Amino acid sequence: NSRHHQAVKAVGQDLIVSATAPDGVIEAIEDPAQRFCVGVQWHPEHMSRKDPRQQKIFDTFVETCRL
């Protein structure tokens, strides 16, 4: 479900890598200092019904927006 023709080359200051592909490509980054700041390099919307962890990304985003 990844698109490896584009990827994070260098992680910005204060961001952390929170997921990588088996080949080492960065798949997700986040800023732990922010309430909700996540960037993903895959398409969780394509997998949300198959994998509840994918749906959690959207659920957390919506809940954070409500606060």
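Biologist: Is phenylalanine 36 buried, exposed or partly exposed, and how do I read that?

Modeller: Relative accessible area decides it: under 20% is buried, over 50% exposed, and in between partly exposed, using a 1.4 Å probe and protein chains only. Phenylalanine 36 has 28% relative accessibility, so it is partly exposed. Keep in mind that this is a predicted model, where local features need pLDDT of at least 70, side-chain atom pairs count only at pLDDT 80 or more, and totals for chains, interfaces and linings use all residues. Residues are numbered from 1 along each chain as its sequence is written, and side-chain values use heavy atoms, leaving out hydrogens and water.

Biologist: How many aromatic pairs are there, and which residues form them?

Modeller: Rings of Phe, Tyr and Trp (its six-membered ring) pair if their centres lie within 6.5 Å; planes under 30 degrees apart are stacked, over 60 edge-to-face, the rest tilted. Here the count is one. Phenylalanine 36 and phenylalanine 61 make a tilted pair, with 5.5 Å from centre to centre and 50 degrees between the planes.

Biologist: Which parts does the pair tie together?

Modeller: Phenylalanine 36 sits in the loop between strand S2 (26-30) and S3, and phenylalanine 61 in helix H1, so the pair ties together parts 25 residues apart in sequence. Helices (H or I, at least four residues) and strands (E, at least two) are DSSP runs numbered from the N terminus. Phenylalanine 61, at 43% relative accessibility, is partly exposed.

Biologist: And where is proline 44?

Modeller: Look in the loop between strand S3 (38-40) and helix H1 (52-66). Proline 44 is buried, because its relative accessible area is 4%. From proline 44 to threonine 64 is 20 residues in sequence and 18 Å in space, C-alpha to C-alpha.
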